[in-house]
Amino acid sequence: MDIKILGSGCVNCQNLETNTRAALTSLGRDADVEKVTDPGEIVAWGVMSTPALVIDDEVVLSGRVPSVAQLTEILAGH
């Protein structure tokens, strides 16, 4: 599983990364988690509101920080 956190590095972006890692741990899954902070690359994904979460080259959410439980559901489906 390849995961990208798209955002400038703001608090919400950091929270999304923290919650995503916690959700992965609760599922017992290992994944590469990459932070993408380059504005050009973020726009290239079609994301206009950060933070955003990309799983296996698919943007699955943007503009919000879901709870660990919500992220666990999202990750379990991938």
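I take helices (H or I, at least four residues) and strands (E, at least two) as DSSP runs, numbered from the N terminus. With that rule, I place leucine 24 in helix α1.

**Ground rules**

I am working with a predicted model, in which local features need pLDDT of at least 70 and side-chain atom pairs count only at pLDDT 80 or more, while totals for chains, interfaces and linings use all residues. I number residues from 1 along each chain as its sequence is written, and my side-chain values use heavy atoms, with hydrogens and water left out.

**Entry 1: the whole chain**

I counted the elements. The protein chain has three helices and four strands. Read from the N terminus, their order is β-α-β-α-β-β-α.

Then I checked the overall size. The C-alpha trace spans about 35 × 25 × 15 Å along its principal axes. I looked up the radius of gyration, taken over C-alpha atoms, and the globule rule, which is 2.2 Å times the number of residues to the power 0.38. For 78 residues, a compact globule would come out near 12 Å, and the protein chain has 11 Å, so the two agree.

Next came the surface. I used the Shrake-Rupley method with a 1.4 Å probe; for residues, only the protein chains shown count as cover. The accessible surface is about 4200 Å², and 46% of this belongs to carbon and sulfur atoms.

I call a residue buried under 20% relative accessible area, exposed over 50%, and partly exposed in between (1.4 Å probe, protein chains only). Buried residues make up 35% of the 78 residues.

I also looked at contacts, meaning heavy atoms within 4.5 Å. Of the contacts between residues at least 6 apart in sequence, 63% join residues at least 24 apart.

Last, I looked at charge. Lys and Arg count as positive, Asp and Glu as negative; His and the chain ends are not counted. I put each charge at NZ of Lys, CZ of Arg, CG of Asp or CD of Glu. There are 5 positive and 11 negative side chains, and the centres of the two sets lie 5 Å apart.

I began with asparagine 19. It sits in helix α1, which covers residues 11-27. Is asparagine 19 buried or exposed? Its relative accessibility is 18%, so it counts as buried. I then looked for a polar contact, which is a pair of N or O atoms within 3.5 Å; within protein, one must be able to donate a hydrogen and the other to accept it, and residues adjacent in sequence count only if both atoms are side-chain atoms. The side chain of asparagine 19 reaches the backbone oxygen of proline 66 at 3.0 Å. Beyond four places in sequence, asparagine 19 touches Val65, Pro66, Ser67, Val68 and Leu71.

Threonine 20 is in helix α1 too. I found it at 0% relative accessibility, so it counts as buried. Which residues does threonine 20 contact, leaving aside neighbours within four places in sequence? They are Ile3, Ile5, Leu53, Leu71 and Leu75.

I came back to leucine 24. It is buried, because its relative accessible area is 4%. Setting aside neighbours within four places, I found leucine 24 in contact with Met1, Ile3, Arg29, Ala31, Val33 and Leu75. I also checked leucine 24 against alanine 76: they are 52 residues apart in sequence, and 8.9 Å apart from C-alpha to C-alpha.

**Entry 2: the loops**

Threonine 37 lies in the loop between β2 (32-36) and α2 (39-44). With a relative accessible area of 47%, threonine 37 is partly exposed. Not counting residues up to four places away, threonine 37 touches Gly7, Ser8, Gly9 and Ile42.

I then found a cis peptide bond. It joins threonine 50 and proline 51, with omega about 0°. Proline 51 is in the loop between α2 and β3 (52-55).

I moved on to the loop between β3 and β4 (58-62), where I found aspartate 56. Its phi is near 45°, a positive value in a residue other than glycine. Aspartate 56 is partly exposed, at 41%. At 56% relative accessibility, aspartate 57 counts as exposed.

At 52% relative accessibility, alanine 69 counts as exposed. Alanine 69 and valine 54 are 15 residues apart along the chain, and their C-alpha atoms are separated by 17 Å.
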